[in-house]
Amino acid sequence: MVSKGEVFVIDTDAACREELSNALRQSAYDVICFADGASLLSEAKARIPACVLLEMPPDRSALEVLRRLREENCMAPVLVTSANGNIAMAVDAIKSGAADFIEKPFRTHDIVGRINAAIDESAQPTSRRQRWLPGCEPLTAREGDVLALLAAGLTNKEVARRMHLSARTVEGYRASILKKAGARNVTDLLRRIYGQGSPSQV
């Protein structure tokens, strides 16, 4: 069976690591497990994973691992798992570069499906990935570009600099995106994008 790529897994539960490894290998992935974030960061410099599955401990140290991966140009999608997750933690993870936030306990086959989806989505052009929101009016190409940067955790000013726009123009795009999505703020919007519930849920 031809390998679909390597998946890096960090999880403190040995049984969970083994279950995930078995399921991913059955789906044609190579799996490398790590005991901590430092080990993963060291290995990520020498290898190019297709995806990273990263457990979020109570001290939130996984956020630093996420930031370091992005700083070192590891562009693989990162899925964060947590047994003590909440919306604030999910938003922090997304702003730090996570592609998904998954609460434990989870079903292993669901994780494999979400890894497949994250890898497929990461291979698509940004404008294509972000142009549509479920059940909402379609975004313009420029709104899609703004949304992609907001979802990556950039501030209005950073988006403005990146896109060579004024901060006020970016604020206008953001307001339009929020209106189309029916979201109260960017936090609600990120929850909608990454499957953390509809904006009406708290």
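Me: At 28% relative accessibility, what does aspartate 110 count as?
Reply: The model is predicted. Buried needs a relative accessible area under 20%, and exposed needs one over 50%. Aspartate 110 has 28%, so it counts as partly exposed.

Me: Which residue forms a salt bridge with aspartate 110?
Reply: Side chains of opposite charge can pair when their charged atoms come close. Here the closest N and O atoms are 2.9 Å apart. The salt bridge of aspartate 110 is with arginine 107.

Me: Which side chain meets aspartate 100 in a salt bridge?
Reply: The N to O distance is 2.9 Å. The pair links distant parts of the chain, strand S5 (residues 100–103) and helix H5 (residues 108–122). The two residues are 14 residues apart. The side chain that aspartate 100 meets is that of arginine 114.

Me: How many residues apart are lysine 180 and glutamate 143?
Reply: Lysine 180 and glutamate 143 form a salt bridge, with the closest N and O atoms 2.7 Å apart. The pair links distant parts of the chain: helix H9 (residues 167–181) holds lysine 180, and helix H7 (residues 141–151) holds glutamate 143. Both residues are buried. They are apart by 37 residues.

Me: Which residues do salt bridges that share partners join into one network?
Reply: The structure holds 10 salt bridges. Lysine 180 and glutamate 143 form one of them. Salt bridges with shared partners build one network from Glu6, Glu43 and Arg47.

Me: Within what arc do the buried residues of H2 fall, seen down its axis?
Reply: An α-helix has 3.6 residues a turn, so residues three or four places apart point the same way. In H2 (residues 37–44), the buried residues are Gly37, Leu40, Leu41 and Ala44. They line one face of the helix, because down the axis they fall within an arc of 100°.

Me: Which residue caps the N-terminal end of H2?
Reply: The cap is made by a side-chain oxygen. That oxygen lies 3.3 Å from the backbone nitrogen of alanine 38. The capping residue is aspartate 36.

Me: At about what angle does H2 run to S1?
Reply: Cover for the buried residues of H2 includes strands S1 (6–10), S2 (30–34) and S3 (51–55), and helix H3 (62–71). H2 lies across S1, S2 and S3. Its angle to S1 is about 160°.

Me: Which are the edge strands of the open sheet of five strands?
Reply: The strand order is S2-S1-S3-S4-S5, with parallel pairing. From one strand to the next, the twist averages 20°. An edge strand pairs on one side only, which holds for S2 and S5.

Me: Which residue in S5 is the bridge partner of serine 82?
Reply: Strand S4 (residues 78–82) pairs with S5 in the parallel sense. The pairing runs over four bridges. In S5, serine 82 has as its bridge partner glutamate 103.

Me: Asparagine 156 is found in helix H8: does it count as buried or exposed?
Reply: Helix H8 spans residues 156–163. Leaving aside neighbours within four places in sequence, asparagine 156 is in contact with Leu150, Val170, Glu171 and Arg174. Its relative accessibility is 15%, so asparagine 156 counts as buried.

Conventions:
Residues numbered from 1 in each chain as written. Predicted model: local features only at pLDDT ≥ 70, side-chain atom pairs only at ≥ 80, totals over all residues. Heavy atoms only, no water. Buried < 20%, exposed > 50% of the residue type's maximum accessible area, 1.4 Å probe, protein only. Arc of directions from axis to C-beta. Contact = heavy atoms within 4.5 Å. Polar contact = N/O pair within 3.5 Å; in protein donor to acceptor, adjacent residues only side chain to side chain. Salt bridge = Lys/Arg side-chain N within 4 Å of Asp/Glu carboxyl O. Pairing = 2+ DSSP bridges. Axes fitted to C-alpha atoms, helices over the stretch in contact; angles between N-to-C directions.
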